[in-house]
Amino acid sequence: MSKISSSPTLKGLLAAERLRRAGADVVDLGAGEPDFATPEHVKAAAVEAIAANFTRYTPNAGVADLRDAIRARYREDYGVEYAPNEVIASAGGKQALANAMLALFGPGDEVVVHAPGWPSIVEQVKLAEATPVTVRTDASDGFALGAGQILAAVTPRTRGIVINSPGNPTGALMAESALAEVADEAARRGIWIVLDLCYEKLIYDPQPHNLAGVLAARHRDRSVLTGSASKTYAMTGWRCGWALGPAEVVSACGALQSHMTSNVCSITQRAAIAALTGPQACVDAMREEYRARRDDIWTWLTADPRIRCVKPAGAFYLYIDISALLSADGYPTSAAFSDALIEEAHVVTTPGEAFDAPGFLRISYATSTAMLREAADRIGAFVGALDQKRSVATSGER
Ligand SMILES: Cc1ncc(COP(=O)(O)O)c(C=O)c1O
């Protein structure tokens, strides 16, 4: 336990809660979850499941209909084929990933991950007692994840590479050609690739992103795909994700899960079947709304040239570079900046420290346009006050 840390986003949440209780009007851009309601037909399927007393244990990996629904979606979306014993439903993409890490990695193994990145991936590698080896992507090219960087981090001890695309917190997409290069080398060396596709349906620009197809064609024997209903269908609280991969790995994930949490909630499973097999127009509608919000908040924030950000292609975050606003006599770190933004402007963001890349703030635009406008105004005023404080300090020095 001493090796792992709990979720670093908790601090902001606690501060926001304290301010709210004190009556402050808090604008929360910290949340990593959709603000939309779960679609009606999905909720109805859950209500029906309860009415029909579908409330017992199910097979550990999920009912056959759910596994078929997941297989059909990946077949339709990416043209990849998985057998029923090559898919398992888990309590969120998070459990699907944790199962895969524990099944595949162990002491002495190195696992290549990328930063800025979602903190749970690194912590899960550590839970498996393996060693994370971090590849750093750069803000200047929109955090593009290149094959060369990943392969340069590979050593004889490398057992796995974990890729998240679209990425949290950057929204960056990995190019198919880059993944193909990594997959070919991984196949040659017998290295596992775990691909976290949690934000796969939230892609705004017409960029090819059939990463599942790339892995299926080049490296199917040693690849695991993980996905989730959470972000795509606004179902974070329902807890349903999945993993697709070779039967032995899926069976190992099932063995782990059987001793930890058993099956995904039976009612959630019926809801997830409705989500995956039902009309997908709700997904398109939410994506279009996110796109409009992304464009708005990006335009508003980057109007100040000291806030730099390449417009991200996916997910629902802006990862803004605020290093030009940090200084020894003002706020020296993005964590200090973020704390002050909460306390003084009542705007919650997540500092880059949480994603192993300080100097940035993650702004979630999974909130209403009115809230985003308010946040942009408050951030603008906060930065303006910062300038004033500095000019007073400088004239005082003279
Ligand atoms: C990159 C990434 N992967 C996976 C997950 C897991 O989400 P869930 O467990 O709700 O499916 C998240 C959630 O924030 C995420 O950001």
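On a 1 Å grid over the protein atoms alone, a cavity is a set of points where a 1.4 Å probe fits but cannot get out, and its lining residues have an atom within 4 Å of a point. Volumes are the space filled by probe spheres set on the points, which are joined across faces, edges and corners.

This is a predicted model, in which local features need pLDDT of at least 70, side-chain atom pairs count only at pLDDT 80 or more, and totals for chains, interfaces and linings use all residues. Residues are numbered from 1 along each chain as its sequence is written, and side-chain values use heavy atoms, with hydrogens and water left out.

**First stop: the second largest cavity.** Select Arg73, Tyr74, Asp77, Glu200, Lys201, Ser228, Thr232, Tyr233, Trp242 and Leu276, which line the second largest cavity. Its volume is about 50 Å³. Helix H3 (residues 64–78) gives the most to this lining, with three residues; helices (H or I, at least four residues) and strands (E, at least two) are DSSP runs, numbered from the N terminus.

**Next: the largest cavity.** Move to the largest cavity, which holds about 80 Å³ of space. Among its lining residues are His114, Pro116, Phe143, Ser165 and Met174. Pro116 is joined to Ala115 by a cis peptide bond, with omega about 0°, and lies in the loop between strand S3 (110–115) and helix H5 (119–127). The peptide bond from Ser165 to Pro166 is also cis, with omega near -10°. Pro166 belongs to the loop between strand S5 (158–164) and helix H7 (176–189).

**Then: helix H11.** Select residues 281–302; this helix of 22 residues reaches 31 Å from its first C-alpha to its last, close to the 32 Å expected at 1.5 Å a residue, where the span is 1.5 Å times one less than the number of residues. The buried residues of H11 include Cys282, Met286, Tyr290 and Leu301; buried means under 20% relative accessible area, exposed over 50%, and partly exposed in between (1.4 Å probe, protein chains only).

Ala234 counts as buried, at 6% relative accessibility. Finally, select Asp356, in the loop between strand S11 (350–351) and strand S12 (360–364). Asp356 has phi near 60° and counts as partly exposed at 37% relative accessibility.

Note on methods
On a 1 Å grid over the protein atoms alone, a cavity is a set of points where a 1.4 Å probe fits but cannot get out, and a pocket is an open set with protein on both sides within 12 Å along at least five of seven lines; lining residues have an atom within 4 Å of a point.
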